[in-house]
Structures are given as C-alpha cells and as structure tokens.
Amino acid sequence: CGVREDGAVGEAVRFEEAFPELYRLAYRVSFRVLGDRGDAEDVAQEALARTHLRWMRLEGRPEGWVVTVATNLAIDRHRRRRRSISLGTEPLTLVDVHQTERIDLARALRRLPRRQREVVVLRYLADWSEADVAEALGVSAGSVKSHASRGLAALRHHLDAGDPKGAADVRASG
C-alpha cells in the first residue's frame, strides 16, 4: 500500500512514504490560519514530528490527526504572535487588517468542539470533499454535513459577536 491518488494513506504505509502528502496537508492548513509561509513550515514540521512519534497508534488514518495537530499548533502560534503585536495609535495597514481577521478566525476555531473544528478545518481550510473528510475521520457523510453546518453556524456567531472584519468570508462559505 502507498499514498493513494486522493491523498489518503493506506494502513501499511510507512511514515517516510506518507510524509510528503501529510506535510503538504499540514502546511496548507497552517498557512491558511497563519498567513505566513515560514511559520506554516515550522508548524507543519512540528505536526509531522508529533505524527512520527504516534505513527503506529494512528491506525492507518493519520490525516485527521495531522490536520487537528497542525490547526492547534497554528492557533497557538497565532495567539503568541498576537501577544507580541502592539497596534498603538498608528492607522491600520492592510497587513494589520489581515492579522486581525486571522486572530478572530483562530479564536473562533478554538471555541468549536473538537469534531466540529476537525470537520470545518478539513472541509474548508484543507479543501477536502465531504467524502474525504468522512473517510479520514471515520464518520458518515451525513455526520460531516451536520458538523460542518453546526461549526459554520458557531463560527458565524463567534465572529459576528466580536464584529470582526472577516465574518463575511465565513458567511460566504456556508
């Protein structure tokens, strides 16, 4: 067995064989949360290092676990970065606006229950189909739809409550 064309990893695949596809997945999710290539590379590397340590326990479906770890690491990194940013009295630049939107998204994602966060991240940040998400998480396609719907509704609520600039983007994806 090897990495299938759709990116899923078979049970008998060695970590070294699965690494390139899993790294791309972790990087893509991390970049969408962080918006910085260097930070996304660091997060993807950390996620894959943790994956390597747990490889035998992942039961042939590491994608969901990798995305969850990469997402959590990216959110943590974003939170630490936010603490170091002081906006002061200077006018907001486009970069500051994007940073603010990412901070709001990271906060809202963090508030979601684990399964909703996994589904939303795989479905909308990793651009996976419902069938791929269902297979990776070991749930039905109906469950994916339900978690995605609830997760997006919760994100909208959290983002609207904070009046962030990126709330319209979440509304458009639902």
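Predicted model: local features only at pLDDT ≥ 70, side-chain atom pairs only at ≥ 80, totals over all residues.
Local features are taken at pLDDT of at least 70 and side-chain atom pairs only at pLDDT 80 or more, while totals for chains, interfaces and linings use all residues. Numbering runs from 1 along each chain as its sequence is written, and side-chain values use heavy atoms, leaving out hydrogens and water.

**View 1. Arg32 and Asp127 make a salt bridge (a side-chain nitrogen of Lys or Arg within 4 Å of a carboxyl oxygen of Asp or Glu).** Their closest N and O atoms sit 2.6 Å apart. This one links distant parts of the chain: Arg32 is in helix α1 (residues 15-34), and Asp127 is in the loop between α5 (114-125) and α6 (130-137), 95 residues apart. Helices here are DSSP runs of H or I, at least four residues, numbered from the N terminus. Arg32 is partly exposed at 30% relative accessibility, and so is Asp127 at 49%; the label covers what falls between buried (under 20% relative accessible area) and exposed (over 50%), with a 1.4 Å probe and protein chains only.

View 2. Arg50 comes out partly exposed at 37%, as does Glu46 at 34%.

**View 3. Arg110 reaches Asp76 through a salt bridge, with 3.3 Å between the closest N and O atoms.** Arg110 belongs to helix α4 (residues 94-111) and Asp76 to helix α3 (residues 62-84), so the pair ties together parts 34 residues apart in sequence. Both count as partly exposed, Arg110 at 33% and Asp76 at 22%.

**View 4. Asp39, Asp42 and Arg77 form one network, joined by salt bridges that share partners.** The total count of salt bridges is ten.

Conventions. Helix = DSSP H or I, 4+ residues; strand = E, 2+ residues; numbered from the N terminus.
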